[in-house]
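Here are a few notes to go with the model you asked about. Have it open while you read.

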Amino acid sequence: MDYKKIYEEWTSNTFFSEEVRNELLAIKDDENEIKERFYADLEFGTAGLRGVIGAGINRMNNYVVAKATQGLANYIIKNKMESKGVAIAFDSRRCSPEFADVAACCLAANGIKAYVFESLRPTPELSFAVRHLGCVAGINITASHNPPEYNGYKVYWEDGAQITPPHDKGIMDEVKAINVTDAKSISKQEAMEKGLYQIIGKEVDDVYIGELKKLVIHQDCIDKYGKDIKIVYTPLHGTGNIPARRILKEIGFENVYVVPEQELPDGEFPTVSYPNPEAAEAFTLALKLAKEKDADLVLATDPDADRLGVYVKDKQGEYHCLTGNMSGSLLADYEISQIKETKGLPADGALIKSIVTTNLVNNMADYYGIKLIEVLTGFKFIGQKMLEFETKHTGTYLFGFEESYGCLIGTHARDKDAIVATMALCEAAAYFKSKDMTLWDAMIELYEKFGYHMDKIETLTFKGIEGLEKIKGIMVKLKENTPSTIAGLKVLKAINYDNDTVIDMETKEVTPTGLPKSNVVYYILENNAWLCVRPSGTEPKIKFYYGVVGESIDDANAKSETFAKSLLQMIDEMV
């Protein structure tokens, strides 16, 4: 691909707007910037698109969004499903409403009806809307928790989950086959006149919230303690503010305090460097307000409200951060134990987690006598299992989660849902209050029952073309040279999901992984420890997930710190 020729085409062709051409002419003397914007197409991967906003084929802009939508439209038409329509949602980021309209007008030009939310909505509601409206697909304009210069484009299929095989490859092939100038479009007004652009809103909101309310197990506890429990919440300038507050109010929580500086949508995310509830800085303002209000729990949703960050207060008044593994395990145990207590567990009940999620829930599944299913990273694979349960009657979904602060309670959606997680965690707080326990007490009880699992992640960022090569190099080294020990712990099994092998390091026996091909390596270590390495699918990062098990929180933390030091040394040597 001759990036200079493509750059010249974009700066001279009047197909591209004057604004875009001027933006590109302003960098005419910056060779590196031109190369970064035009050396390759912004990759349409299995999660859709995600990239920096700007002009160029390797950036998020109207033309790249239109190209992606034309590819999706071509795939829908080839499969003769154009009569079913596509639902479109967007978040609070820069250009999100504009990208949503570009997509809708492209679909309309192809004779496919677009159902577009009137204003920003959370990801899980889009997932719900696809099935509720009987659509063939869904598009969500969001870059989740990325920094403000990013935006993205997620594609969902008719089951409400992000696209999986064979649809992901089919759509990707269609997108690759066309140029940005091939995308069709008509005006929004014409699309509306033809009945191919329909605005949706309250009618979907009400049904979505209604589905969540059906999932409350202990309304009695909420009725008794909902007036006493104090909750601080921040939507981090994103989509969660209205639905999270609505659901809490409607089920009976009266003391919900929203962080005022972060309440309103703002694509610049001015109060944080990036709006990620996994980051401690995201809670700075919320914890300040929590201490003023003496709040029992502190909650933060990311901009598209599919991830939930949590702090809980103990009986001494200290706030503890719950990682995604901790909050996910706590919610899993609450939901499964209370289903068992109130109506009994189904014989084919299943808990689903990703391979990088804590092994604490492996013990939990054994304890409750339910099936544990592991899938590759990406909630779409949990959604895929849910579809399998639904169509083949091979299981009953009880709970699913990932370590990255995302879970799903119920089957109303097929993606992570921080709105229902917010509701369930507050309900759990009321339930445990009836037992004279805090959520922190419940977490410690969980550790006592299933082991003190400490799971962490180290992330390295490598930007640009050179960065991609470094990430590739690390993965190649790990695949070609399996270490005998990691952090002083013996490697018992080496799993390479790229070539579908599980190698027993002692016997050298090789067995299949049973999961799809993926650029991931996983090491099972002695003393119940583990390490997994994978490049991020949405950012220029490589991630090292690891877990240890201790005799207490202090012991587990000490083991985790020792592991981290050795791991960082190993990474330094590789880089």
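Predicted model: local features only at pLDDT ≥ 70, side-chain atom pairs only at ≥ 80, totals over all residues.

1. Residues are numbered from 1 along each chain as its sequence is written, and side-chain values use heavy atoms, leaving out hydrogens and water.

2. Look at helix H4 (residues 62-78) against helix H7 (residues 167-176): they pack at about 120°, with axes 8 Å apart.

3. On the H4 side, the residues in contact (heavy atoms within 4.5 Å) include Lys67, Gly71 and Tyr75, and their partners in H7 include His167, Ile171 and Glu174. The residues of this contact split into 5 nonpolar, 4 polar and 3 charged.

4. The whole structure has 20 aromatic pairs (ring centres within 6.5 Å). In one of them, the centres of Phe16 and Tyr63 are 4.9 Å apart with planes at 70°, so this pair is edge-to-face (planes over 60 degrees apart; under 30 is stacked, the rest tilted). Phe16 sits in the loop between H1 (3-12) and H2 (18-25), while Tyr63 is in H4, 47 residues apart. Both Phe16 and Tyr63 are buried (under 20% relative accessible area; over 50% is exposed, in between partly exposed; 1.4 Å probe, protein chains only).

5. Phe16 and Tyr63 also belong to one aromatic cluster with Tyr7, Trp10, Phe15 and Phe38.

Technical notes. Axes fitted to C-alpha atoms, helices over the stretch in contact; angles between N-to-C directions. Helix = DSSP H or I, 4+ residues; strand = E, 2+ residues; numbered from the N terminus. Nonpolar A, V, L, I, M, F, W, Y, C, P; charged D, E, K, R; others polar. Phe/Tyr/Trp six-rings, centres within 6.5 Å; stacked < 30°, edge-to-face > 60°.
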